Amino acid sequence: MLIYTWNEIISMVLAAIVIDLVIGDPKWPTHPVIRIGRWISWMEKRLRRRTSITPRALKQRGVVLALSTMLAACGIMFALTWAAGEIHPWLGYAVTTWFISTTIAVKGLKDAAMLVAVPLAAGNLADARKYTGYIVGRDTAQLDEGELTRAVVETVAENTVDGVISPLIFALIGGAPLAMLYRAANTLDSMVGYKNERYLHFGWASARWDDVMNWLPARLTGLLLVLSAAVQPRMDALRAARSIGRFARLHPSPNSGIPESAVAGALGIELGGRNIYGTVISERARMGWPLRPLSRKDINAAVRLLYGATGWMAGGLLCALWALN
């Protein structure tokens, strides 16, 4: 059974949000994203067997990687949820809800941010740098409190799209299969979607597809973050909206600049700037107005904005559910 009414799909998505808020990323069984990551690594090794491959061939093999990963994730999820529904409708509801919950990461984002905020509050820069290194690609060994805070706030802001709003939208459109297809696309981008020598051509398809899938959710997230700022103390919703209009287009990603500029504007801080990746120095566009220096409290503020955006999304779904009944 995979043909659900709007009441049923909205109810399952709302239940999935609650499950994620309470449980977070499951430790057992193995998280689906980990299995997707293993598939990507396995496929990459086989597609790169030849030592000399032309850029054109690399692009073509990258397309194979992207399509095979997304179709496998969607197909397996379709089979699992269909089989569960055939056994019993309520089992179908339960399996669909559970797998949708694994595609979102509100609690996981909060927990990752707090792993940095807690040692920062204790003045333990060594642990703060270590845990920041778990969630960003830049070098963290020499970062001070302000730069560590910036890295975490940028991650929470960007992943409000990738880890929450996008999978929820795709779950509403196509249940667990489409939500897992989105999660596969996002995992592809995080693993091979880099503009470096190794992945410039091979990861091109993965990066572009992730951009396409996040285009609308990113813009909805910007609105939700503005609404979140409007109901939070010491945040400025109008400045958040102005910041999106002024700075979002400066970001190299067509989507990431929207949540990052919204958070920067809401908090009155500046995000972006100089990042170091190995021996490469990257100067990112600066977003927001630096009305004050960054502090570790901004991590907690970014998490509140994340929860606020999730709350507005859930509230909208509750209103839709009420209207349908």
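Modeller: Val22 sits in helix H1 (residues 6-23); helices are DSSP runs of H or I with at least four residues, strands are E runs of at least two, and both are numbered from the N terminus. Residues count from 1 along each chain as its sequence is written, and side-chain values use heavy atoms, leaving out hydrogens and water. It's a predicted model, with local features needing pLDDT of at least 70 and side-chain atom pairs pLDDT 80 or more, while totals for chains, interfaces and linings use all residues.

Biologist: Is Val22 buried or exposed?

Modeller: Exposed, at 60% relative accessibility. The cut-offs are under 20% for buried, over 50% for exposed and partly exposed in between, with a 1.4 Å probe and protein chains only.

Biologist: OK, salt bridges. How many?

Modeller: The count is 13, taking a Lys or Arg side-chain nitrogen within 4 Å of a carboxyl oxygen of Asp or Glu. One of them joins Arg150 and Glu147, 2.7 Å from N to O.

Biologist: Where are those two?

Modeller: Both are in helix H7, three residues apart, or about one turn. Arg150 is buried at 2%, whereas Glu147 is partly exposed at 27%. They also belong to a salt-bridge network with Arg138 and Glu154.

Biologist: What about Glu270, who's its partner?

Modeller: Arg286, with the closest N and O atoms 3.4 Å apart. Glu270 is in the loop between helix H10 and strand E1, and Arg286 in the loop between strand E2 and helix H11, so the pair ties together parts 16 residues apart in sequence.
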